[in-house]
Amino acid sequence: MGKIIKVSGPLVVADGMADANMADVVRVGEQRLIGEVLNMTGDRASIQVYEETSGLGKGAEVITTGAPLSVELGPGLIENIYDGIQRPLEEIVKKVGSNITRGIEVPALTREKKWEFTPVAKVGDKVVGGDILGSVPETAVVLHKIMVPNGISGTVEWVADKGNYIIDEVVAKIKTDKGETKELTMVQKWPVRVGRPYKNKFPPVAPLQSGQRIIDTMFPIAKGGTAAVPGPFGSGKTVVQHQLAKWSDVDIVVYIGCGERGNEMTDVLREFPELTDPRTGETLMKRTVLIANTSDMPVAAREASVYTGITIAEYFRDMGYAVAVIADSTSRWAEALREMSGRLEEMPGEEGYPAYLASRLAQFYERAGVVSCMGTDERMGSLTAVGAVSPPGGDLSEPVSQGTMRIVKVFWSLDASLAYRRHFPAINWLNSYSLYLDSMKPWFDEHLGADFMKNRGKAMHILQEEAELNEIVQLVGKDSLSAADQLTLETAKMLREDFLQQNAFMDVDSYSSFERQKALMQLILNYDKLCREALPKGVAAADLFGIGAREAIGRAKYVEADGYAKAYADIETEMEQEVSALIEKAGAEE
C-alpha cells in the first residue's frame with residue numbers, strides 16, 4: 001500500500017509502492033478509483049487514473065491489485081456497450097442513474113443470467129488451451145464457444161451436462177499433466193495489452209465485402225487486413241465506418257468510439273438495433289460489441305479503449321470467427337497518449353506526441369490478421385482492423401497519419417471537397433490505394449471472372465485521364481477537346497456519379513453486392529466501348545450523350561435488388577439499338 005504525493009490531472013504519483021509492478025491495476029483513494037501503473041522509479045509509481053481525480057489529495061492510499069488491466073471474456077459480450085475499461089454502461093445506468101459514479105464496481109459480464117450450455121468435450125479427452133469444451137447460443141446469430149484458457153492442458157475429468165448455468169458456475173474439470181485439478185467456468189480473463197496467441201499467421205487473400213462500391217471494387221480490404229480512413233472534419237469518416245460496421249460480411253463487429261462526440265455513439269445505439277443484417281435477417285446488434293469512450297469521458301480510459309476492443313475481438317477470432325474492429329478515431333487515442341506523456345514529463349517527439357507513438361500504432365494494427373487458432377482442431381479466424389484518423393485541417397503529413405500509413409495496407413483518403421459536393425462516400429479515388437489487389441486477384445478471378453479486375457483497371461484509368469483533362473478544360477474550355485476526350489469526361493462522370501457515389505438513406509443503394517457492382521461497372525464500360533466505336537463512323541458526341549440508355553444507366557443503381565439483372569440486360573439492349581440507329585443515321589447523311 002502506498003501514499004499519494006502528487007496529483008496532476010489523471011496522473012497520480014505515489015510513494016511506498018515497492019510491491020507493485022509495471023502495468024498493475026491499482027485502486028486509488030477512498031473511492032477506490034481505477035488506475036494503472038505507467039512507470040516505477042524505486043518504490044515510487046506513476047499511475048494513470050481512468051476516472052476523474054478531482055478531490056484526491058496528498059496522503060490518500062493506493063492499493064495494488066497485483067494484476068494487469070484485463071478484460072472478462074465469456075457469454076454476455078455481444079449486444080453490450082462498455083466504456084474504455086470494460087465497465088457495462090447499461091448496468092451502471094440501472095444502478096446509479098445517468099452518469100458514471102466514480103469508483104463504481106460492476107462486473108463486465110452479468111452474473112445473474114443463465115446461459116444454455118451444451119458440452120462438446122467428453123470425459124477422458126486430452127485438451128490444450130483453445131480447445132472447445134462446449135457452446136452457448138449467445139444470440140440468434142452467434143454461437144459462443146467456451147474454450148480452455150490458454151496455458152492449461154490435460155485430461156477432462158468431468159464436464160457439465162447440457163443445461164442452464166451462470167457464467168461463474170464450474171462447467172468442466174481438467175486434470176493437468178502435473179496432477180492438479182483445474183475447475184473451469186464459462187468466463188476467462190486476459191490482459192488487454194498482450195495479444196492472444198495463435199498457431200500460425202497467413203497472408204489475407206479473401207476480400208471483406210462492405211457493400212460500398214468504391215471500397216469493394218476500387219480499393220478492397222482483405223479479411224484479416226488493416227485499413228485507415230483519414231480525412232478532415234466533416235468529410236464523413238464516421239459515416240464510412242458506420243457503413244463498414246453495418247454491412248461488412250463478418251461474423252462479429254467490435255465498434256470502438258474512442259474520444260468521439262457522444263451524439264455519434266448515440267446514432268450507433270439507435271440505428272444498429274433497427275437495421276437488418278442482409279446476411280442473417282436479424283438486427284445488427286446481434287453480432288456487435290460497442291466500446292463507448294466519448295470525448296467527455298476521462299482521457300486515460302480513452303487510451304485503454306482500443307486495447308479493450310481488440311482483445312475482445314481476438315477472443316472471438318480464436319473461436320474461428322471473422323471479426324472486424326472499427327476504431328473511431330486513433331487520432332483521439334494518440335491525443336490521450338500525448339497528454340499522459342506530457343504529464344509524465346517525457347521527452348516529446350514531433351508535434352508533442354511521444355516518441356513511441358509509431359510503435360504503439362503498430363502494436364494495435366499488427367494484432368489484425370488471418371490465423372489458425374489455438375487448440376487441437378483446425379480452426380481459422382480473421383481479425384480486420386479499420387482505424388479513422390482525424391488530422392488537424394486534413395494535413396496528412398502530421399505524425400498520426402504518417403505513422404498509420406507506414407503500417408496499414410489500405411488507405412481510403414477522404415476529401416472534404418467531395419463531401420461538400422454531397423458525393424458520399426467522400427473517398428478520393430486519386431489519393432487512395434489498396435496493397436491487397438495482387439493477393440486477392442485469384443479470389444476475384446475465381447468468383448467474379450477475369451473481367452472484373454480488368455474492368456477495375458479500365459475504370460481507374462478513365463478516372464485518372466479525367467483529372468488530366470480537367471486541367472486542359474480549365475485553360476481552353478471543354479469545346480476545344482476532341483470527341484474522344486469528351487467521351488472520356490462523360491464516362492468518368494458516369495463512373496463518379498452512377499457508380500462510386502452511394503446514397504446511405506436508400507436501402508437499395510446503401511448496400512451493393514459484388515455481383516451487382518460487377519454488372520453496373522460492366523454496363524458503364526460497355527456504353528464507353530459502344531460510343532468509342534461509333535465516333536469514327538461520324539456520330540456526334542452530343543448525340544451519344546443524349547440517348548435514352550445514358551439516362552437509364554444513371555438510374556440503374558436504384559433498381560430493386562431482385563430485378564437488377566433483367567433491368568441491366570434491358571438497358572444493354574436498348575443502348576446497342578440506339579447507338580446502331582445513330583450510326584445508320586450518320587451513314588445515311590454522308
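Are tyrosine 315 and phenylalanine 316 buried or exposed? Both tyrosine 315 and phenylalanine 316 are buried, where buried means under 20% relative accessible area, exposed means over 50% and partly exposed is in between, with a 1.4 Å probe and protein chains only.

Before I go on, a word on the model. It's a predicted one, so local features need pLDDT of at least 70 and side-chain atom pairs count only at pLDDT 80 or more, while totals for chains, interfaces and linings use all residues. Residues are numbered from 1 along each chain as its sequence is written, and side-chain values use heavy atoms, with hydrogens and water left out.

Okay, rings. Searching the whole structure turns up twelve aromatic pairs; a pair is two rings of Phe, Tyr or Trp (its six-membered ring) with centres within 6.5 Å, and planes under 30 degrees apart are stacked, over 60 edge-to-face, the rest tilted. Tyrosine 315 and phenylalanine 316 make an edge-to-face pair, 5.6 Å centre to centre with 65° between the planes. Elsewhere, ring pairs join Trp443, Phe444, Phe452 and Phe514 into a cluster.

We also have charges over rings, meaning NZ of Lys or CZ of Arg within 6 Å of the ring centre and within 35 degrees of the ring normal. Lysine 145 has its charged end over the ring of tyrosine 321, 5.0 Å from the centre. For arginine 338, the ring belongs to tyrosine 353, and the distance is 4.3 Å.

Now the cores: a nonpolar core is a set of buried Ala, Val, Leu, Ile, Met, Phe, Trp, Tyr and Cys residues joined through side-chain atoms within 4.5 Å. The largest has 81 residues, and Met218 and Trp412 touch the most other members. Its largest share, ten residues, comes from helix α14, residues 514–534; helices here are DSSP runs (H or I, at least four residues), as are strands (E, at least two), numbered from the N terminus. Another core lies apart from that one, with 75 residues, including Ile174 and Trp190.

What about contacts, that is, heavy atoms within 4.5 Å? Setting aside neighbours within four places in sequence, methionine 218 is in contact with several residues, among them Leu437, Phe499 and Met521.

Last stop, threonine 53. You'll find threonine 53 in the loop between β5 (44–49) and β6 (61–68). Threonine 53 is buried, at a relative accessible area of 8%. Again leaving out neighbours within four places in sequence, threonine 53 is in contact with Val7, Gly9, Pro10, Leu33 and Arg102.

Notes: Contact = heavy atoms within 4.5 Å.
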